[in-house]
Amino acid sequence: MKPPDEHIPSKTTIIPYYIVAAFAFVLLSVLCLVAGNAFTGHYFQPRILAITHLAVFGWATMIIFGASNQLTPVICEQRLKSEKLPVVIIALLMAGTGLLVTSFWNFEINALAYTGGILLLTAIVLHAQNIYKTAKAGKETAVRDFMLMAHLWLVITCTLGFILLVNIRYPYLSEDHLHYLRIHASVGMAGWFLQLVIGISSKLVPMFLLSRTEKQKLLNIAYYTINIGLAFFLLEGLVFRTRWGQLFYLVSITTGIIAYTLYIRTCYKTAIRKQLDNGMKQTFLALVLMSLPFILLLAILLTRVDISPNLITAYGFAFFGGFISTIIMGQTFKTLPFIVWMHITKPNTLPEVLPKDLFNEKWVKVQMLLYLPGYLLFLSGILVKLVLLIYAGSILMIVASSLYLLHVVLIVKKLK
Amino acid sequence: MMELNIADSDYRTKMTALEALHQVADPELGINIVDLGLVYNIYVDQPGKEITVEMTLSTPSCPLGNFITNHAAVAVESALPDYNATVNLVWEPKWNADRISPQGKAELGW
């Protein structure tokens, strides 16, 4: 008998990330309510900076780190290089996020903020090298390439972020701070989040749908066009500082996203499993919601941002609150129950329960039925600058995220 | 879906093993591996008291593959305690939807 846990990392490398992220999600929703007013003004605002960094590190990156500790060994058919490092990384991430978010909230860019930034950068470099060492020994696949490249962009984004943090107090950069802030945010969104989502979903979607055709060529196109576009965007913003290349990188990145969408479409069309569970429905919903930040980006490029800076806030919120949060909420219930199941199932006895018995499918649906209108109300509130809509939206988001947290805790409790 | 030949001298043993394999579900789909058509063959070595289950997985990179194969062996050995069960994982012929039983298809939303 082969050991069933050949490539399965220990639960301490994964589960704490899911729990901390779920708590951060609730806190995030509460802060959106508390700082509701801030969303109607300029995006470079202490409360928005604090909330954004909590969303990025406490919620999205936290859960993605946990999931990648689970998925990288599976994708690369290797054991996770270090199982001790994730324990250190989560501590650094939590402390770093706490310090940075508090500093931004109070807008006190002092030693605590810099310590937070250094802790976060250390956590990210350590995680990236652990994933790199694990993946390096594994099979060369498009998924692996996406994951490695996403981690590289994360390191670049955070390094840029730290440079900007120093620049707030000791201005030394040649261009306006907001110019670099836009590069920092865009590289993070497209380089880290988007690429990681593409990489992981291109593995999970066909696996969950039992797709018979996976057009690898489309994935390769997506990989090259997104990365060439991003590299060009970065060089243009930092070195060339012209605007002539805008069309090139936009076309390049959009081509990549279209190729990925076609890949997912093929997976769905050739799926043996036609009945989608709520986790998968939410994943597809997230892919549809991905179009909203693009529409807003187009609006930003076509209008004068200095007149309507709330468009940029809406763009960021549409990306994190819509696309990223929806995909995470859906995929949590496609991954966490399996992770828990693998740890409670013994190899020499038939299991009494299946992963689907470890969570409540109806709850997953209710969570989204509360979250989606909350998100749309909040986004509308930002766009029309109506605080009442923002408050209504954030209340629904608080209820949805609390339900999500409770659900996650109940699943994890099954480990006992 | 795998079919047994009633004229086979090991028919009874194979039938018992096949019934036992109905208890093993694909953890993601919640459908048993027999209805999914993942079981290709069952070989019985009567003198050696060995049973070999030849099966596949819905996807080669299935992270739960080792769980499924281990549970298949456990199920067969529980139903036929005098035998030692081994699972032989194969990728040819490639698994496809034609192998799924009508019940399995209904559960998959066909």
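Colleague: How many salt bridges are there between chain B and chain A?

Modeller: The count between the two chains is 2 salt bridges, a salt bridge being a side-chain nitrogen of Lys or Arg within 4 Å of a carboxyl oxygen of Asp or Glu. Arg273(A) forms one with Glu28(B), with the closest N and O atoms 2.3 Å apart. This is a predicted model, in which local features need pLDDT of at least 70, side-chain atom pairs count only at pLDDT 80 or more, and totals for chains, interfaces and linings use all residues. Residues are numbered from 1 along each chain as its sequence is written, chains are lettered from A in the order in which they are written, and side-chain values use heavy atoms, without hydrogens and water.

Colleague: What area is buried between chain B and chain A?

Modeller: The size of an interface is often given as the accessible area lost when the parts come together. Here about 2,600 Å² is buried (1.4 Å probe, summed over both parts), and carbon and sulfur atoms give 66% of that area. Glu28(B), Phe67(B) and Asn70(B) supply 24% of the area that chain B buries against chain A, more than any other three residues.

Colleague: At what angle do helices H4(A) and H5(A) cross?

Modeller: Two packed helices are described by the angle between their axes and the distance between the axes. The axes of H4 (residues 111-136) and H5 (residues 142-169) of chain A come within 10 Å and cross at roughly 165°, on a scale from 0 to 180 degrees between N-to-C directions of lines fitted to C-alpha atoms over the stretch in contact. H4(A) is therefore roughly antiparallel to H5(A) (over 145 degrees).

How values were computed. Helix = DSSP H or I, 4+ residues; strand = E, 2+ residues; numbered from the N terminus. Parallel < 35°, antiparallel > 145°, perpendicular 65-115°, else oblique. Buried area = accessible area lost by both parts, 1.4 Å probe.
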